[in-house]
Amino acid sequence: MPTPNSKPRPMADSPPFKLDDGSQVAVIGGGPAGSFFSHFLLDLAKRADMNIAVDIYDPKDFLRFGPIGCNHCGGIVSESLVQIMAAEGINIPETVAQRGIDAYVLHTDVDSVRIDTPLQEKRIAAMFRGGGPLGTSDATWEGFDGFLQNLTRDSGAKIIPEKVKAIDFDDTGRPVVTTRGDTSKTYDLLVGAVGVNSPFLKVIEKLDFGYRPPEITKTTICEFYMGQELAKRYFGDAMHVFLLNIPGLRFAALIPKGNFITLALLGEKIDKEFLDSFLKSPEVKKCFPPDWDLPKEYKCRCSSYINIRGALQPFADRVLLVGDCAASKLYKNGIGAAYVTAKAGATTAILHGISAGDFKQNYWPACKSINTDNAFGRIIFAITRQIQKSKFLKRGVLRVVAKESKKEGKHRHMSSVLWDTFTGSAPYRNIILRSMRPGFWLPFIWETIVGMLPFRKNGKGGKGQVISSNALGKVYRDGETIINQGDTGDCMYVIQSGKVRIMGVEGNRKIHLAVLEEGDFFGEMALFEKQVRSTTVCAIDETRILTIDKKTLLRRIHEDPSLAFRILQKMSSRIREMNCQLRDVQN
Ligand SMILES: Cc1cc2nc3c(=O)[nH]c(=O)nc-3n(C[C@H](O)[C@H](O)[C@H](O)COP(=O)(O)OP(=O)(O)OC[C@H]3O[C@@H](n4cnc5c(N)ncnc54)[C@H](O)[C@@H]3O)c2cc1C
């Protein structure tokens, strides 16, 4: 029987720090980080012809209603993550996306203004993380964490619904996982994806390899039942963000999802009185129906922590931490950061190795890049807090956005900066750089000065918007052209539902080349070369298409070249098909 050790340490007779055929990996935590890690590890292992076994430990049943089946979150999947997941072949189904968001309504105590997505396309998903809020009686949806867990199951991971209570190391330095039910198993690699709300962080810290958990702050989430009809009428496809000068409140958002509205608040002391007074404030009240009564009790309410500064040393030999318990984007897109760290961890484990040195060299840069970007985020939120305190500055912002709503995409400097700040889609550094341009500052200064005059609304407030569906992307009718041969292009497309016909155009003749279906992508050549579109693509029946921006994708491919695997694989199979067709023609 090996003697357990409490600390990971290299042993003279240790097996090599590499994953190989037959290696065993334990993932503790089946939230987004644990699921993304497992999915990408198994996917990369398959590509490298390796057979690896992954056990995911998580006692949570993501089908249960209320906080018990949920990982406490606003439930927004950012625009960039929706696109990157689609490029990875993970399309969020309609049963998971409770609403496709295509606008933000910014409320201040001066007035409100609506910021629409530049493409008029639903590329932000609002979803439940678990089974749904308490009080749900007619759940027709699937939660995001359950959806990802099913994805890992399909990739070959085994889900063990147990809580892990201890970690030791055997005499060869391999981690031993012990569950609450007192079963123990030895692994080649241990991955912690336990978030920041788990007492298990203390267990990891006590392993004494230098890990220090992230700095955290408190948040509160409440769910209100409204019914589909009222939620649609009053919230539409828009998320409502509040920059109010209320002491103790840093940020608040109302997010429509199916029958419910989710309220997410950032602040340390949020109790029932605070919630009552927030909901009674005129800026919030006007979002709800006039006869809507304050809830007598907040049935589905939870408080949890959010990562605001990354962990120290989230790795050791055979030990890796991913997601919130390692690094996360400040206040926004935590699920996106979980994806980034999980993917970087999986790539390192398969392509480089599982020693502390391998993780330091190949995984840690991904965490560092998030942490560095958060420094820029802190500057943005400090400026936002100053704006929050000043009526004149708020008026200046609202006036600029109102004017920009009449302009074309490229010239909407303030709107695009606010859009990316609230959606968490772009790196904070990029937002700061854009906000330093004269095109941003000059109108802001001018409108702040002019703003001593009363603010005139842009007439697009938050109420009464018509909503089409909860699905993501843009709907094309039967026969409608999506791209034209000869057009210049700067995005690729992923089919969310329906089919498209690919055609070559020669003079007046249209030559049928192929039919692509749900999950397929097209237009990818525009990502790699500056040539015009080589084919025309039309919808067959009603088809829903998600566009993926060239910049978003290239930025991610630069950080994670393995993202291009799927695109290259598809392109190579298309070349193979074309060769076969050519051979058939020649014969
Ligand atoms: C109020 C609030 C609103 C937010 N809104 C958004 C948003 O709108 N969009 C967004 O992108 N991000 C949002 N976030 C951030 C987002 O929730 C996190 O970044 C994300 O959940 C991190 O994923 P994770 O897998 O690292 O951790 P978690 O989601 O916390 O998952 C950890 C998992 O580990 C399991 N676990 C813990 N201990 C053990 C153990 N001992 N044994 C076995 N399993 C264990 C837990 O059961 C859990 O399932 C929000 C966060 C908060 C607090």
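Student: Before we start, what should I know about the model and its numbering?

Tutor: This is a predicted model, where local features need pLDDT of at least 70, side-chain atom pairs count only at pLDDT 80 or more, and totals for chains, interfaces and linings use all residues. Residues are numbered from 1 along each chain as its sequence is written, and side-chain values use heavy atoms, with hydrogens and water left out.

Student: Thanks! How many residues does the largest nonpolar core have?

Tutor: A nonpolar core is a set of buried Ala, Val, Leu, Ile, Met, Phe, Trp, Tyr and Cys residues joined through side-chain atoms within 4.5 Å. Buried means under 20% relative accessible area, exposed over 50%, and partly exposed in between, with a 1.4 Å probe and protein chains only. Here the largest core has 93 residues, and Phe36, Phe144 and Leu553 are among those with the most contacts inside it. Its largest share, 10 residues, comes from helix α8 (residues 334-351). Helices (H or I, at least four residues) and strands (E, at least two) are DSSP runs, numbered from the N terminus. Another core, of 37 residues, lies apart from it and includes Phe251 and Ile380.

Student: And what does Phe36 touch?

Tutor: Contact means heavy atoms within 4.5 Å. Leaving aside neighbours within four places in sequence, Phe36 is in contact with Met85, Ile90, Phe144, Leu148, Ile335, Ala338, Tyr339 and Ala342.

Student: How do I read the sides of a helix?

Tutor: An α-helix has 3.6 residues a turn, so residues three or four places apart point the same way. Take helix α16 (residues 550-559), whose buried residues are Lys550, Thr552, Leu553, Arg556 and Ile557. They cover an arc of only 165° around the axis, which puts them on the same side of α16; the arc is that of the directions from the helix axis to the C-beta atoms. On the other side of α16, Lys551 and His558 are exposed. The partners that the buried residues pack against include α2 (79-87), α8 and α17 (564-586).

Student: Which residues come nearest to the ligand?

Tutor: A residue is near a molecule if one of its heavy atoms lies within 4 Å of it. Of the 35 residues around the ligand, Asp58, Gly74, Ile76, Ser198 and Asp324 come nearest. An N or O atom in the Asp58 side chain is 2.5 Å from a ligand oxygen, while a polar side-chain atom of Asp324 lies 2.7 Å from a ligand oxygen. For Asn71, the distance from a polar side-chain atom to a ligand oxygen is 3.0 Å. Taken alone the ligand exposes 1000 Å², and the protein buries 91% of that; the areas come from the Shrake-Rupley method with a 1.4 Å probe.

Student: Which strand gives the most to the shell around the ligand?

Tutor: That is β17, with three residues. Ser304 has its place in this strand, β17. Is Ser304 buried or exposed? Ser304 is buried, with a relative accessible area of 5%, and touches His72, Asn197, Thr217, Lys218 and Thr219, not counting residues up to four places away in sequence.

Student: What is the backbone of His72 like?

Tutor: Phi of His72 is near 40°, a positive value in a residue other than glycine. His72 sits in the loop between β2 and β3 (76-77) and counts as partly exposed at 22% relative accessibility. Asp49 also has a positive phi, of about 55°, although it is not a glycine. Asp49 lies in the loop between α1 and β2 (53-57) and, at 68% relative accessibility, counts as exposed.

Methods. A polar contact is a pair of N or O atoms within 3.5 Å; within protein, one must be able to donate a hydrogen and the other to accept it, and residues adjacent in sequence count only if both atoms are side-chain atoms.
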